[in-house]
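Please look over the sequence and the model first, then read on.

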Number of protein chains: 2
Amino acid sequence: MKAGIYQMKPLFGKKEANLRKAETVISNLKCDLIALPELFSTGYSFISKAELGNYAEQIPGGNTTEFLVELACKNSCYIAAGLAEIENDDLYNTAVFIGPHGFIGKYRKLHLFYKEKFIFKAGNLPLQIFNMEGIKVSLIICFDWIYPEVCRSVALKGAHIVIHPSNLLKPWAQMAMRIRSVENRIFTMIANRVGVESRSGERLKFSGRSQISDPKGEILLSFPKAREAFACVDIDPAVANDKLFTPHNHLFNDRKPLMYDL
Amino acid sequence: MKAGIYQMKPLFGKKEANLRKAETVISNLKCDLIALPELFSTGYSFISKAELGNYAEQIPGGNTTEFLVELACKNSCYIAAGLAEIENDDLYNTAVFIGPHGFIGKYRKLHLFYKEKFIFKAGNLPLQIFNMEGIKVSLIICFDWIYPEVCRSVALKGAHIVIHPSNLLKPWAQMAMRIRSVENRIFTMIANRVGVESRSGERLKFSGRSQISDPKGEILLSFPKAREAFACVDIDPAVANDKLFTPHNHLFNDRKPLMYDL
């Protein structure tokens with residue numbers, strides 16, 4: 001299958017323009033699976049709940065989700081993307097998984113980064129596996145990378161591919177996700193953004209370098225740090241079923257949960 | 001404090017010579033804490049329990065441990081080192097922690113690598129914290145690196161420094177231990193070996209590149225891949241008390257154990 005990433009530069013607050021950008025790339029890229037960044041349709045630097053509330057949507061049912069559903073249907077592909085969710089009065093930093101036959105599921109970011117804590121509510125849904133025609137896909141979002149428990153949890157549930165929509169600033173996630181691939185023998189896909197947002201005195205420069213790592217930690221795709229980019233690569237998700245690091249080391253069966261204090 | 005590593009090339013089966021090599025380096029290096037590789041006193045490639053049984057020792061009480069106790073006393077330092085242990089008829093791949101006033105404790109490798117499983121019994125002691133005058137030190141051994149649960153467990157118990165005596169062959173542990181430092185905000189010290197052992201048709205080339213990473217993942221010390229080396233650096237273990245990745249992200253308090261399936 002072809003797995004792709006759109007390393008996008010969302011325009012802050014310009015939802016319609018961002019959806020069009022995504023449409024153009026997805027229609028041209030011809031992937032089976034494509035990952036977009038965290039908060040791809042709105043940008044990142046919201047300064048209050050009130051401000052973000054004007055942009056957040058219901059999931060499913062909101063415009064952005066419906067737009068992605070149509071796009072996935074039209075292009076016969078699966079799409080993972082991050083967007084702002086509203087449910088009652090609560091705002092979540094959410095990622096959706098959508099297939100050619102419609103909305104499949106969502107994940108709400110468990111580990112909020114920095115000032116996101118003032119705006120978003122932390123995720124309250126279980127870490128999940130989504131079914132892509134037998135391939136097990138899971139979603140994590142941005143700062144979740146630093147918690148090895150996250151990828152471990154979904155890998156133990158059978159994830160072949162962990163998709164990681166991000167708005168990364170710091171340089172560590174690329175190395176960490178490579179190690180998440182190695183320690184769990186899974187594919188990992190970072191869909192990071194690029195560009196700069198300057199709001200309320202804080203200048204955020206997003207760090208790009210989106211990547212796909214295979215279950216042995218090899219980098220299959222790697223993007224530059226400061227430019228929009230999109231591409232896809234052929235992957236065989238079944239490779240992630242093999243947890244043998246050596247003929248005598250099955251990484252999951254050799255765990256010693258009774259000896260860990262977690 | 002000064003933390004050091006001796007990236008050693010043990011001579012297979014030449015215990016007396018290996019102890020003398022360690023003595024020479026430790027006496028010259030003048031560290032507060034020095035780490036030696038896994039199985040430093042015997043070499044690695046034992047082909048049977050019977051063969052290893054001739055070299056394994058009681059811990060404490062065996063010659064190698066007693067030798068290290070004297071060395072630590074004479075040089076007023078702490079020593080972490082890997083050696084083969086025998087208890088009743090069981091053999092363990094063990095690491096000891098020894099201070100200027102004697103034997104402090106031991107750790108038995110939990111995750112045996114490859115054919116080690118045919119010779120050693122897997123560790124059956126809890127992951128532990130050893131006290132070095134208020135600094136909390138923990139030991140893990142070689143292939144334990146691939147299990148994020150190991151460093152996480154000892155970091156949650158308060159470890160400032162994780163010492164990692166190793167006989168590494170593959171190239172991933174250096175990157176992984178750097179990430180262990182970042183995700184746990186701890187110092188990590190890989191004490192790997194160099195050299196080649198060819199026994200019973202298998203040629204093992206050990207990969208060197210010993211390193212010390214600080215709690216932000218910066219490399220403080222890094223050795224070449226194929227030569228013996230020793231050096232020490234100044235570290236401030238108290239830095240590892242600070243688990244704030246940002247002013248709003250305490251890495252341990254922000255964990256969501258109820259959401260993990262481990």
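The text below covers the contact between the chains, then the pockets, then some local features of the backbone and side chains.

**The contact between the chains**

The model is a predicted one. Chain A and chain B touch each other through 51 residues from chain A and 51 residues from chain B. Between them, the two chains bury about 4,500 Å², and 67% of this area is on carbon and sulfur atoms.

The rule finds 10 salt bridges across the interface of chain A and chain B. In one salt bridge, the side chain of B:Arg255 meets that of A:Glu149, with 2.9 Å from N to O. As a general point, side chains of opposite charge can pair when their charged atoms come close. Polar contacts across the interface of chain A and chain B amount to 22 residue pairs, both residues being at pLDDT 80 or more.

Which elements of chain A each supply at least two residues of the side that touches chain B? They are helix H4 (148-156), helix H5 (173-184), strand E15 (244-246) and strand E16 (249-250). H5(A) gives the most to this side, with 7 residues. Sorted by class, the side of chain A that touches chain B has 27 nonpolar, 9 polar and 15 charged residues.

**The pockets**

Empty space is the next topic. Rolling a probe the size of a water molecule over the atoms shows where such space is left.

| Largest pocket | about 370 Å³ | 18 residues | 10 nonpolar, 3 polar, 5 charged |

The largest pocket, with about 370 Å³ of space, has B:Tyr44, B:Phe46, B:Lys115, B:Glu202 and B:Leu204 as the lining residues closest to its centre.

**Salt bridges in the whole structure**

Over all chains, a search of the whole structure finds 42 salt bridges. One salt bridge lies within chain A, where A:Glu16 pairs with A:Arg20 and the closest N and O atoms are 2.9 Å apart. Why are A:Glu16 and A:Arg20 separated by about one helical turn? The reason is that A:Glu16 and A:Arg20 are 4 residues apart in helix H1 (residues 15-29) of chain A.

**Backbone features**

A cis peptide bond joins A:Ile59 to A:Pro60, with omega about -5°. A:Pro60 sits in the loop between helix H2 (49-53) and helix H3 (63-75) of chain A. In chain B, the peptide bond from B:Ile59 to B:Pro60 is cis, and its omega is near -5°. The loop between helix H2 (49-53) and helix H3 (63-75) of chain B holds B:Pro60.

Another backbone feature is found at A:Tyr114, which is not a glycine and yet has a positive phi of about 50°. Where is A:Tyr114 found in chain A? A:Tyr114 is in the loop between strand E5 (102-108) and strand E6 (130-132) of chain A.

Definitions and conventions: Residues are numbered from 1 along each chain as its sequence is written. Chains are lettered from A and ligands numbered from 1 in the order in which they are written. This is a predicted model: local features need pLDDT of at least 70, side-chain atom pairs count only at pLDDT 80 or more; totals for chains, interfaces and linings use all residues. Side-chain values use heavy atoms; hydrogens and water are left out. On a 1 Å grid over the protein atoms alone, a cavity is a set of points where a 1.4 Å probe fits but cannot get out, and a pocket is an open set with protein on both sides within 12 Å along at least five of seven lines; lining residues have an atom within 4 Å of a point. Grid points are joined across faces, edges and corners, and a volume is the space filled by probe spheres set on the points. Ala, Val, Leu, Ile, Met, Phe, Trp, Tyr, Cys and Pro count as nonpolar, Asp, Glu, Lys and Arg as charged, and the others, Gly among them, as polar. Contact means heavy atoms within 4.5 Å. Buried area is the accessible area (1.4 Å probe) that two parts lose on being put together, summed over both. A salt bridge is a side-chain nitrogen of Lys or Arg within 4 Å of a carboxyl oxygen of Asp or Glu. A polar contact is a pair of N or O atoms within 3.5 Å; within protein, one must be able to donate a hydrogen and the other to accept it, and residues adjacent in sequence count only if both atoms are side-chain atoms.
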